[in-house]
Amino acid sequence: MSANSGLKKLLEKGEFVIIAGIGIPRGADFKPLEERYKLLEKKVNAFYIPDNPGANVYLLGLAAAVHLQKLGGETLLELNCRDRNRIAIQSSILGTAALGIPNLLFSTGDHQTLGNFRGAKRVYDVDLTQAIQIARGMRDEKKFSNGEEVEQPPSVFIGAEVNPFADPLEFRPALMAKKVEAGADFVQTRAVFDLERFGKWIKLVRQQKPLQKIPILAGIMPLVSVEHAKALQEAPGMIVPDSLVQRLESSSKPEEEGIKVAKEIINQVKKMEGVRGIVLHAGGMESLIPQLIT
Amino acid sequence: MITAVRKPLNEIIEMVAPYEKILVTGCGTCVTIDYSGGAKEAAILASQLRIARRLGGKKLETLEQTVERQCEWEFVKEFTDHAAECQAIISMACGAGIQTVAAAFPDKPVFPGVNTRFVGMPQKQGVWEERCICCGNCVLHLTGGLCPFARCAKTLLNGPCEGSQDGKCEVNRELDCVWQQIYDILKEKGRLADLQKIFPLRDWSTGEDGGYRITVREDMML
């Protein structure tokens, strides 16, 4: 079975896509996932399924993706390099395509010591750029990474994680260029809070011709409390300006203010060149998403 | 050098609890240089164990001996006489030394006195840093003399991950991001173009992933 990406079609048509990150249950039950899905059904173009984010255990992303697709939602499934070597990555690419999962987002993966299973052994056999190269090779050249032939090549729309808020900033576009050269069809960013920094990154990216045609999906995360904002300030790879924390602090309804901030950010990133959609990182906060996109 | 740290005393006390006479062995090379398992540390451990035993109302006799390198048969043979007198041996060498002693004296229980940590160097007095994971396929000429396998928590070869900020690693803000350092060095040398090309998949089988490694040099064999 080959998977057809609705996401790819929408981007090709030039539509601004809206993807909702969905909270994955931490139990052997799809019910919470179904409830979250119902809140967003037909309101977004696809569902982003994170891959054991924060190096914590959640229900298998592939299982969640298959279930959501059965319910009628298109999915964008993350595959990190932390938990699987080249054998597992290639087997996952075949399996996801055969199950009809059309879009994959490749990521490095939060380091295992950042989660609640600090003693876990690392994998990182393949890095993000190499994982993309493998996926492209399987799809376009019908070859596994060792040169062996793939019987039925997988149809996959390949995404790459990028982070405009990681350093060194001036090197980030070159890193994105490597991911694109490897085969990324689109990129997805970490949550945008610092618009100035994001703008600088966009400008640097736009200076590289091969990157101009690559759709950028900007991460958006609603801040729900002052504590939430402060915790994100400490999280690796994030930049949450103090001014935003202060806005929430001085508001009598921080959650409403957080929504307002997120909407402002959405409106700003929409105007930026190359930004072709958003990914709402609001796992567990799905009820807030409809307010963000209306 | 191979670096190590002394095991916690209580752990060692528990390991040697059944024995009344033990040989505490130091190693004169790496673990002497890093103050974890040389002659001095062997003497300190032996006296700590005797004191602990006496406090418990029991007797412990210790012998101490340090050789040049515990990772070579020729040197560990020097323990033969003392080992014969003792019921058990504590080796304060790295893992290679401990195993050499254990193999050389198969009839004696051999206990590790240190936890071997890494191949590294003293960055400054009292601070040792990891530098090499013994991957068997060195790339230091490509990465400005900094090892992305030993010093990147994700062993990445195509640049920093998405968690590198302010020159620090996402794992621990005390750790430098080696990819920031590699970038800085190659930028200074005008070699940033080297980082633009995609490094292909690594063959990790030259390292620990290929099973334990044996180097055979026929030209050196007798």
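This is a predicted model: local features need pLDDT of at least 70, side-chain atom pairs count only at pLDDT 80 or more; totals for chains, interfaces and linings use all residues.
User: Which residues lie closest to the centre of the second largest cavity?

Analyst: Thr129(A), Lys179(A), Asn158(B), Gly159(B) and Pro160(B) are the closest, out of 14 lining residues. Two elements give two or more residues to this lining: α5 and α6 of chain A.

User: Which element gives the most to that lining?

Analyst: α6(A) does, with four residues. By class, the lining of the second largest cavity has five nonpolar, four polar and five charged residues.

User: How do I read the packing of α5(A) against α6(A)?

Analyst: Take the angle and the axis distance together. Helix α5 (residues 128–140) of chain A and helix α6 (residues 172–182) of chain A pack at about 20 degrees, and their axes are 8 Å apart. Angles under 35 degrees count as roughly parallel. α5(A) and α6(A) are therefore roughly parallel to each other. Their crossing is right-handed.

User: Which residues make the contact?

Analyst: From α5(A), they are Leu128(A), Thr129(A), Ile132(A), Gln133(A) and Arg136(A). From α6(A), they are Lys178(A), Lys179(A), Glu181(A) and Ala182(A). The contact of α5(A) with α6(A) has three nonpolar, two polar and four charged residues. Thr129(A) and Lys179(A) belong to this contact. Both are also among the residues closest to the centre of the second largest cavity.

User: α6(A) also packs on α7(A). At what angle?

Analyst: About 55 degrees, with the axes of α6(A) and helix α7 (residues 195–206) of chain A 9 Å apart. α6(A) and α7(A) are therefore oblique to each other. The crossing of α6(A) and α7(A) is right-handed. Arg172(A), Pro173(A) and Met176(A) of α6(A) meet Trp201(A), Leu204(A) and Val205(A) of α7(A). By class, that contact has five nonpolar residues, no polar ones and one charged.

User: What about α10(A) and α11(A)?

Analyst: Helix α10 (residues 242–249) and helix α11 (residues 254–270), both of chain A, pack at about 140 degrees, with their axes 8 Å apart. Roughly antiparallel needs an angle over 145 degrees. α10(A) is therefore oblique to α11(A). Leu244(A), Arg247(A) and Leu248(A) of α10(A) contact α11(A) through residues including Pro254(A), Glu257(A) and Val261(A). The classes are four nonpolar, one polar and four charged.

User: Back to the cavities. What lines the largest cavity?

Analyst: The largest cavity holds about 120 Å³ of space. It has 14 lining residues, and Cys152(B), Ala153(B), Cys161(B), Cys169(B) and Cys177(B) lie nearest its centre. The lining of the largest cavity has nine nonpolar, one polar and four charged residues.

User: And how much space lies in the largest pocket?

Analyst: About 1500 Å³. The largest pocket is lined by 43 residues. Nearest its centre are Arg122(A), Glu130(B), Ile133(B), Phe149(B) and Ala150(B).

User: Which elements give two or more residues to that lining?

Analyst: From chain A, α4 (86–98). From chain B, β6 (114–124), β7 (127–132), α7 (148–151) and α8 (178–188). By class, the lining of the largest pocket has 20 nonpolar, nine polar and 14 charged residues.

Methods: Residues are numbered from 1 along each chain as its sequence is written. Chains are lettered from A and ligands numbered from 1 in the order in which they are written. Side-chain values use heavy atoms; hydrogens and water are left out. Axes are lines fitted to C-alpha atoms, for helices over the stretch in contact, and angles run from 0 to 180 degrees between N-to-C directions. Angles under 35 degrees count as roughly parallel, over 145 as roughly antiparallel, 65 to 115 as roughly perpendicular and the rest as oblique. A crossing is left-handed if the near helix is turned anticlockwise from the far one by less than a right angle, and right-handed if clockwise. Contact means heavy atoms within 4.5 Å. Ala, Val, Leu, Ile, Met, Phe, Trp, Tyr, Cys and Pro count as nonpolar, Asp, Glu, Lys and Arg as charged, and the others, Gly among them, as polar. On a 1 Å grid over the protein atoms alone, a cavity is a set of points where a 1.4 Å probe fits but cannot get out, and a pocket is an open set with protein on both sides within 12 Å along at least five of seven lines; lining residues have an atom within 4 Å of a point. Grid points are joined across faces, edges and corners, and a volume is the space filled by probe spheres set on the points.
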